[in-house]
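Morning, everyone. I'll take one model today, and I'll keep it short. Have the viewer open as I talk.

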Amino acid sequence: MSNTLDNKILGKPVADAIMQQTADRVAKIKEQTGVTPCLATVLVGEDPASHTYIRMKLNRCEQAGIGSKHIKLDDSTTTEQLVATISELGSDPQVHGILLQHPVPHQINERAAFEAIPVSKDVDGVTYGSFSRMWFDEPGCFPSCTPQGIMLLLESAGIDLSGKHAVVIGRSPILGKPMAGLLLAKNATVTICHSRTKDLPALVKQADIVVAAVGKPEFVQGDWLKDGAIVMDAGYNPGNVGDVHFESSAKVASLITPVPGGVGPMTLAVLMQQTAQAAAQQLGVKD
Ligand code: NAP
């Protein structure tokens, strides 16, 4: 399967292949155990964007043959109530993966809610346990889905990361930080940049691989890049624009992910892949 076109790394063919492999794996799990892998999603409150994200996740579950259990809690839910709900899902043998849609309403201690998810069911990689195992390059955890999707895109494009200098712009717990850990585990030399970084363009100029996870439309400029750099744009901003100025960057980069159609499709495919993997582990099904 080729997922590059001109100098673009396309996410859809890779995401489609992951969805197909996942559907096959789910069918095998059902055949061997009689159990349907199940993802529980928990949504607190009425945020319209969160509702849309949950709907997309449930659609993908259906596409992969994964069962789903959706829990909707109202806006005034307390931390204790949310922790109790998640703990119940944690001990339910029919649930194999748990996803808490975030952000949660302000009165809730989001960290306490995340930590109620057992690592074995943390298919979105949000717990301390998942993060630290990922950072120590230990098995038995699932990384955050978008950075893992970026790793799979790099792999599918045949990029050997060993010894390459990767500059990650952004240090959020769901994107920049896990991204850095995953790149490090593949022997890249990693620089993590953030809002206090001095002379960002000069650092980006040294990068063989740039990952933009900033949340600012068209932030990274083509003239910041080293000739032939590989550019992975995790950004998704209103108007379907990424965190990289595509036109100027595509002229300099050897490979670049477009927005939309680059990193975007990978996140949900990885979530499905990790849910199937969690179910296989919990049910003792080997590959
Ligand atoms: P976030 O939590 O807002 O983090 C943004 C990061 O960028 C922070 O670490 C921040 O630094 C850094 N930053 C902000 N301004 C900067 C500047 N001028 N120079 C250098 N660094 C700067 O965002 P996020 O959740 O990581 O998301 C990042 C992007 O990815 C967004 O566009 C989002 O929409 C997209 N995203 C896409 C997916 C997907 O499925 N494709 C999933 C999640 C997110 P400080 O830490 O110093 O504040």
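First, a term. pLDDT is the predictor's confidence in each residue, on a scale from 0 to 100. We need it because this is a predicted model.

So how does the chain score? Its average pLDDT is 97. At least 70 is reached by 99% of the residues. Now go element by element. Strand β6, residues 165-169, has the highest mean, 99. Strand β1, residues 4-5, has the lowest, 70.

Next, the domains. The domain assignment gives two entries: domain 1 covers 34-121, and domain 2 covers 145-265. Their centres, taken over C-alpha atoms, are 29 Å apart.

Now a sheet. Three strands make it up, in the order β4-β3-β5. The sheet is open and the pairing is parallel. Which strands sit at the edges? β4, residues 67-73, and β5, residues 97-100; each of them pairs on one side only. From one strand to the next, the twist averages 15°. Look at β3, residues 38-44, beside β4. Seven bridges link this parallel pair. One to click on: Val44 has Leu73 in β4 as its bridge partner.

Take the second largest pocket. Its volume is about 550 Å³. The lining counts 23 residues, and Pro143, Gln148, Leu152, Leu182 and Lys186 are the closest to the pocket's centre. Which helix gives the largest share of that lining? α6 does, with five residues. At least two residues each come from α5 (128-135), α6 (145-156), α7 (176-185) and α10 (264-283). By class, the lining of this pocket splits into twelve nonpolar, five polar and six charged residues.

Last, the cavity. How many cavities of 30 Å³ or more does the structure hold? One. What lines the largest cavity? Arg25, Lys28, Ile29, Ala280, Val285, Lys286 and Asp287. Helix α1, residues 11-33, gives the largest share of this lining, three residues. Sorted by class, the cavity lining has four charged residues, three nonpolar and no polar.

To recap for your notes. The largest cavity has four charged residues in its lining. And the chain averages a pLDDT of 97.

Notes. Residues numbered from 1 in each chain as written. Predicted model: local features only at pLDDT ≥ 70, side-chain atom pairs only at ≥ 80, totals over all residues. Heavy atoms only, no water. Domains from an automatic or database assignment. Pairing = 2+ DSSP bridges. Helix = DSSP H or I, 4+ residues; strand = E, 2+ residues; numbered from the N terminus. Axes fitted to C-alpha atoms, helices over the stretch in contact; angles between N-to-C directions. 1 Å grid on protein atoms, 1.4 Å probe; cavity = no way out; pocket = protein on both sides within 12 Å on 5 of 7 lines; lining within 4 Å. Points joined across faces, edges and corners; volume = space filled by probe spheres on them. Nonpolar A, V, L, I, M, F, W, Y, C, P; charged D, E, K, R; others polar.
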